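Biologist: Could we go through this structure together? I would like to begin with the charged contacts.

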Amino acid sequence: MANRAVEVGRDHLLTQRQVLLLFAFLGGSLAESKWRRYSVAEEKERGFLLVNLAKDLGLSVEELTPRAAQVVSPGNKLLLQLNPQTGDLLLNEKLDREELCGPTEPCILHFQVLLHNPLQFITNELQVIDINDHSPVFFEKEMQLKILESSPSGTVISLGNAEDLDVGRNSLQNYTISPNSHFHVLTRNRRDGRKYPELVLDKALDREEQPELSLTLMALDGGSPPRSGTAQIHIQVLDINDNAPEFVQSLYEVQILESSPVNAVILTVSASDLDTGNFGLISYAFFHAPEEILKTFQLNPITGDMQLIKSLNFEAINTYEIDIEAKDGGGLSGKSTVIIEVVDVNDNPPGLTWSTVNSPIPENSAETVVAVFSVFDLDSGDNGRVVCSLQKDLPFVLKPSVENFYMVMSEGALDRESRAQYNITITVTDLGTPRLKTQHSIAVVVSDVNDNAPTFTQASYTLFVRENNSPALHLGTISATDRDAGTNALITYSLLPPRDPQLALASLVSINADNGQLFALRALDYEALRAFEFRVGATDRGSPALSSEAPVRVLVLDANDNAPFVLYPLQNASAPCTELVPRAAEAGYLVSKVVAVDGDSGQNAWLSYQLLKATEPGLFSVWAHNGEVRTARLLGERDAPRHRLLVQVRDNGEPPLSASVTLHVLLVDGFSQPYLPLPEVAPERAQADSLTVYLVIALASVSSLFLFSVLVLVGVRLCRRGRAASLGRCSVPEGHFPGHLVDISGTGTLSHSYQYEVCLTGGSGTGDFKFLRPIIPSNLMQET
């Protein structure tokens, strides 16, 4: 035995070296391939170093953090972790190969290393190497056997097998039995690789000599050191029952859908026994079935019907191998094997695992990776194949990557002003029948970029302000909007330099930079500035800042702040002007005309005239619209020679303003003075007697001679006063004469029909004369 143990140890050591050389060869061959495989023995503690992944991938440790390196496992099982500071790939938890892979060998765990910027997938495998941490265990610690004493040598008796959760050489290797003279044990292999023992009779039994035997059955694995498990075999020697039950089939194979209902009969086994009586009665039972089979199936001991008592799950167990024993009343038994293959149905909806979700994403950017995810389906075949899709009305597309990974990417530049958030729903559908699908949604926010300039609410603005306003008066509000958001939508208003360099805009208006309110800085005068234009700029606070501008026109509205100003007769002359009226003047005789202007406009400049006071009421009248002073009746001898008329000039403003002027009228006898007849003057008499004609001619001759004498006298006096050229006209004060009081519109206070040239002497005596001569426009002369 010692020599055999040494040989086994040498063989084991040689095998270990061969395995190590094999792994070294595989590792060298995969170093340059797309797939990388690492290995670790099970039961290593958490934090165990597998490999320096950065060095293995040819990356520097500094690249791991910027590229957001991460380890992704199917189903989000966090078995591994990557240390971004060192690049080491560590165990995240202790690995149990039997729990992870069960009997599957080799035990391969797939994982991917995901790198960003640029996006890169590296597929890797981790092989979990089995260690001998489980001993073989028998399902039955004690076995009861009944053997006919007539059983010939070489009779084979099936025994209950042991199970070892380890795999490979660490799994169960052989069976041994305690030394005896009647039996030895054989180790047999099933088709699935499991080993089971068979007891072989070496020497015929004699019930009378030894009715019972007790043996120890030992199961050994191939670990180093090996582990073992034992079971006791109690053998009862029976009298002759020479026919054992025999099954119709030694092997039953059946397929069943995993969706089969509970209590459904899967199959019926049948056996026969040629014996009669109690030795011919057969009962059926599971033969050394594990606990999982006993929980899943039930066998009718009389009919042989096998029923399903628990729902099947293809993804957990897809094949069952069951041994069934048929035993007669004499204790003889036959055995058959039932292999049940579970057929997959599409009962697992596909799943999705998010790896990366990028939100928010900036607008106006080109194709951008929004999310990275992987899909899986626990079913097999077409039931496990999946397809992914997005809504068709979104500017995003799905792009497949390695294996079951997909990327959600934007098709082009996004516009936050059109849509600020997208709810992306990914539909994962398998290809089974019926098709199952799941939907997963993510919210993607589009961040703002300053790509919209401020827009004014109006193309141009017109504001009105009445003159004589108070300083800091609110003129109006200039408003603009910006379709961007946040800081990019905050607007600052400003006054732009005027195109007219002579316009002192800074002294006229100001603007609130935050809300666009315009204010007048000083009182405006309509007569000095009726309107002005400038531009307002609106600038957002983005980077770079965008701006726009809008023209603004301010119209100053007139207020009635100017009283009428009398041009004639002047009131500040050194001597008052005296109007001469002959006593022979008829009613309607034009005595004078009061001429006035108003600096305002519109109805504020509409003037009306009124005679407020007269020395002799009823003798003179003033026309309200043109200020002409005329005689209201014929003059008489009893009328006073001197008259003083007070005429008021009043505008049409609110409230109305007025000015008054005093007019002096002197009635003279026998003085002929040209005058303008009224349009309503009665026509001359058709015929006049000759006497009247002579009198008129004589009166005209005398008047002409008198007028000539006066002119000579005035000319001599003027020469004596130093040749002053202005002495031949009415004296005009040297004070300021408002230049803006000029009627240029033709709708002011001066009539189109009449203008007057007034000439007065500069003296102050009563002998001074005035000449009032009408100047008729040429167009009126042509019309007549």
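Biologist: How many salt bridges does the structure hold?
Modeller: The structure holds 22 salt bridges, each being a side-chain nitrogen of Lys or Arg within 4 Å of a carboxyl oxygen of Asp or Glu. This is a predicted model, in which local features need pLDDT of at least 70, side-chain atom pairs count only at pLDDT 80 or more, and totals for chains, interfaces and linings use all residues. Residues are numbered from 1 along each chain as its sequence is written, and side-chain values use heavy atoms, with hydrogens and water left out.

Biologist: What does R583 pair with?
Modeller: R583 forms a salt bridge with D669, at 2.8 Å from N to O. The pair links distant parts of the chain, 86 residues apart.

Biologist: Is R583 buried or exposed?
Modeller: R583 is buried because its relative accessible area is 13%, and buried means under 20%, exposed over 50% and partly exposed in between (1.4 Å probe, protein chains only). D669, at 57%, is exposed.

Biologist: And which residue does D639 bridge to?
Modeller: D639 bridges to R633, with the closest N and O atoms 3.1 Å apart. D639 is buried at 7% relative accessibility, whereas R633 is partly exposed at 31%. Elsewhere, salt bridges that share partners join R190, E321 and D323 into one network.

Biologist: What about R416 and E417?
Modeller: Both of these residues, R416 and E417, are buried. Their salt bridge has its closest N and O atoms 3.4 Å apart.

Definitions and conventions: Helix = DSSP H or I, 4+ residues; strand = E, 2+ residues; numbered from the N terminus.
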